[in-house]
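Let's take a walk through this model together. Keep the sequence and the 3D view open while you read.

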Amino acid sequence: MQPTIVPTKKDRLEESQIEFRVREYGEKIFALMDAAEAPSLFSKKGFYGTLMDWAMKDEHFKTQLFRFVDVLPTLNSAGEISRHLKEYLGEEQVNLSPALRLGLKAAGGASWLFGAGIKGQVTGMARQFMLGDDEKEIVATLRKAHEQGIAFTVDILGEAVVSEAEADQYAQRYLDLMGLLGKQIVRWQHPCNSNDSPRGHLPPLNVSVKISALYSQVCPTDPDTAIERISARLRPILRRAKELGAFINFDMESYALKELTLRLFKEIFTEPEFATAPACGLAMQAYLKDCETDLDAVIHWAREHRRRITVRLVKGAYWDYETITAQQRHWPTPVFPHKAETDANFENLSLTLLENADVLDGAFGTHNVRSIAYVLAQADRLGIDRRDFEFQMLYGMADPIKAAVLQLDCRLREYCPVGELLPGMAYLVRRLLENTSNEGFLANKFAKGASRDELLKNPAQDVGSAEVGRVCPQRAGDDLDLPGGALRTDAPYHFQNEPPTDFTIAAEREKMGAAVREYRRKLGQRHPLIINNQPVSTSEWLPSLNPADQKEVVGYAAQATVAEAEAALAAARAAQPKWARTPTADRAALLEDTAALMRRDKAALSVLEVFEAGKNWQEADADVAEAIDFCNFYASVMRDLGRPQRTQAVAGESNLQQWWPRGVGIIIAPWNFPLAILTGMTAAAVVAGNAVIMKPSDQTPVIAARLLDLMIEAGFPPGVVNLLTGPGGKVGAHLVAHQQIGFIAFTGSKEVGLRIWEAASRTAPGQANLKKVVCEMGGKNCLIVDGDADLDEAVVGCVASAFGYQGQKCSALSRLIVLADNYEKFLDRLIAAAASMRIGPAEVPGNLIGPVINRDAQQRILGIIEAGKKEAKLAWQGVVPAEPDACYVPPTIFTDVPPGSRLFREEIFGPVLAVTKAKDFDQAIELANHSEFALTGGCYSRSPVNIERVKAELVCGNLYINRTITGAIVERQPFGGFKMSGGGTKAGGREYLQNFLVPRVVTENCLRRGFAPAEEDAHL
Ligand SMILES: Cc1cc2nc3c(=O)[nH]c(=O)nc-3n(C[C@H](O)[C@H](O)[C@H](O)COP(=O)(O)OP(=O)(O)OC[C@H]3O[C@@H](n4cnc5c(N)ncnc54)[C@H](O)[C@@H]3O)c2cc1C
């Protein structure tokens, strides 16, 4: 793989001269640092020093240690702390390197950690990087720094807000903090030296804001609403800043928020009220490949609006996260893959900041001596006073570098996070990672003793060379170098998941918006049956209605009778033998062509789902992506299965297993994943050489018709796939019982599934085959929230799992079991988060909750809710739009739900969540397993032992730990349950195709007159 090349601005500088000056400055800074003491963080003495030393020596210990640090503040009793300590760092848990084992032994093992009073020690460790929440302490610390000539910017810890109530509180805390500091600062006698620039005094009160904390419902499909809501909370903060003469900086967070942050910055500071004040700035991340373009745009904006702004140039704090997220979604990685590229880009952009000093105040956020020296050298070359810009460093980090920078008469600002420890853990873990990163400057300088030559090396030299260190894989299938050690698969076929659409890209949103407008013009068309690739009209037509507006007819579906069912069956039977003889590769290629057509029409197909099934943009897009995956995945698997496989190598005899199709089958699909499930079952059956009759749900016939259009366009021959829309009770039942049907693939309710299972087991006179039934039914899915769970994640995950697509996914969360330790706190946050969800038509981007599928479903679910009020406590119910023509059901949370109640036992298939308290983990598992279903299950926990217990004991087909329990991805999470959830088949798994095939073994004696050919490959 070719590393990405960072463009350099060669014409700007005499490289060798600059390098010489950089080296000089670097040496000077090192000399000044040597005069100061090594920072205590790297002293290797004491509790923190020892742990960091060990962490740097042993990756496994580091992971265990940081995970323990992450959970520690939530643990309230000595017993819990000691249990977790053993689970994470006990000798059996940590597979230490021999050297570290000796070290730990010498220190007295895990008991040394106990003896050290672990909670107090970790709190002390956190205090090194954060100012805490005691007002007096905050003021005293900032004042001390101020007097030492170090300016500050304050930030409030805790970026994860899960509800609008929390976002309000967060905004208020900013106002309070500004009020507090505003009052204090005026009493401080001398201005801080670092706030003195040749342009005059800078605002002494400098505040850093994280915009993600000001709105809980940021949704990539709808940045407009996010801007509106964040602006509403930001304006009072900006007004206060104006009153106090304070400076406001926007921090830069994950890449998903970058466009939003840039847009918000430009929009709000263009508003007349804020067009000239308060003083403002924003952070920009040099590790991003598009940072240079963004910086140019910001500079252009500043010039155009005659607004002097500060740009804090940082390298970026989320490198691992961005890399992993992009890989998981198969999106291009937004960050440079090599550290040297980031460093070189930082230098490149530093120069841009200096060159645009007429509109920008440069703020260089780095602890890297080379990066600092580069800025100083370039400033000298450009004749810029070094007090015209500033360096920024994090509170608690790199003290000797700070001292050196101050001695060089540079301006220095410390970034000081304030607030409680618990929300600060994410920040602490980021700092610990930064301090122990193998590639980080600090660890190399202070812990590993790297030479000055290495530390001052020009990063541009390594760009494009083979020595650039850690490489970021660009595609799935590349060798992964991920935390946690991703495994390589040795899959003999090629398959890659379809990426979800990245709606943070404006062009993608526009494409979808245009498709919505376009589709509206096509509503109300007639969709005939399709038999032998020919349209067949019927006397009756059933309208398919938009769940958000029952007056709107999405299309009319032909209503088949038994006669058309027989015709479809005859067509399939006639086509199947030739189709079965069609080479596997050709059959697979037709599926791949279908996938390509779906990709071509992705936006239009998604919009159809929005109209016909009430899915919001992202859910609809995910369903289409899954349909594409099914086609490509089953095509790949079949290419593999299509080759006879040697069962055992034995001399003189050939034993080959091969697969034959079953014949003709019926595909009965539901409406909740209207394209994906129908496509999946159909694709698996036909690629295996069978012919089928698709019988889609009455609620989504238009999507089914569109699928067959695409398959015909791809080139599927007549009769291989036929479409019968119409009353399932009649035509479906007729075909299920038919003696010429070889298999039935069904996904739907337990009630219908059991009927099919029973009907298929009866053999009619003259029936040629035993019918195979692939039956996937519902669930009453359960998730446990442990006492030590990360509530920021658990709350968001539970809301998404329970209410995503209105709870109408078979994998949806329906029973939530919360450990007593967390119960009240978790429930309050869960309800606040649920109350923040946006409810409305799926067509409107940003709405999380839409209507349920139809009037019948609405009435049925409302009835269950009514009855539920007698069984349990109605803890919360959302408010839905008062639209009489829409099928809304208010999302509802019941608590104190008894295990024997209907609410706890029966599948609802709607936005209703039953919550039950468990006194301990044993009871939680017992309650979770108290169900006739076994589809999905989950657990949020940070106890390694409890996580292992759940893996071993929770009865379900798909178990998810510390994440949502919906959203299975083809091949990655083969999906399906057992007990009353289904026959144990796994859609999207490698074995799935075998359901549509019969295995044969052919044995041939190859020995002729004592002579046998040489053994061949296992696969032919
Ligand atoms: C005052 C201040 C404010 C900050 N505000 C923000 C902010 O708003 N947003 C934000 O994201 N961060 C922010 N940070 C954090 C900052 O991103 C990190 O502290 C910084 O990246 C560390 O860089 P360095 O030059 O000190 O150290 P170095 O050790 O030279 O660089 C480490 C950095 O290199 C990059 N890197 C590491 N490995 C690789 C790799 N394999 N390929 C490519 N790049 C790699 C990463 O960005 C990593 O953080 C801020 C830091 C400071 C000091």
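In which helix is Asp-621 found? Asp-621 sits in helix H24, residues 617–641; helices here are DSSP runs of H or I with at least four residues, strands are runs of E with at least two, and both are numbered from the N terminus. Before going further, note that this is a predicted model, where local features need pLDDT of at least 70, side-chain atom pairs count only at pLDDT 80 or more, and totals for chains, interfaces and linings use all residues. Residues are numbered from 1 along each chain as its sequence is written, and side-chain values use heavy atoms, with hydrogens and water left out.

Back to Asp-621: it counts as buried because its relative accessibility is 4%. Buried means under 20% relative accessible area, exposed means over 50%, and partly exposed is in between, with a 1.4 Å probe and protein chains only. Leaving aside residues up to four places away in sequence, Asp-621 touches Pro-500, Thr-501, Phe-503, Lys-602 and Ser-606, where contact means heavy atoms within 4.5 Å.

Now find the ligand. There are 30 residues around it, and Gly-316, Thr-342, Thr-366, Glu-434 and Phe-441 come nearest; a residue counts as near if one of its heavy atoms lies within 4 Å. By class, that shell has 13 nonpolar, nine polar and eight charged residues. Here Ala, Val, Leu, Ile, Met, Phe, Trp, Tyr, Cys and Pro count as nonpolar, Asp, Glu, Lys and Arg as charged, and the others, Gly among them, as polar.

A ligand nitrogen is 2.7 Å from a polar backbone atom of Met-252, and a ligand oxygen is 2.8 Å from a side-chain N or O atom of Lys-315. A backbone N or O atom of His-338 lies 3.3 Å from a nitrogen of the ligand. Strand S6 (279–285), strand S7 (309–314), helix H14 (339–355) and strand S9 (390–394) each give two or more residues to the shell.

Most residues other than glycine have a negative phi, and most peptide bonds are trans. Yet a cis peptide bond joins Ala-277 and Pro-278, with omega about 5 degrees, and Pro-278 is in the loop between helix H11 (258–268) and S6. His-330, not a glycine, has a positive phi of about 60 degrees. You'll find His-330 in the loop between helix H13 (319–329) and H14, and it is buried, at 15% relative accessible area.

Definitions and conventions. Polar contact = N/O pair within 3.5 Å; in protein donor to acceptor, adjacent residues only side chain to side chain.
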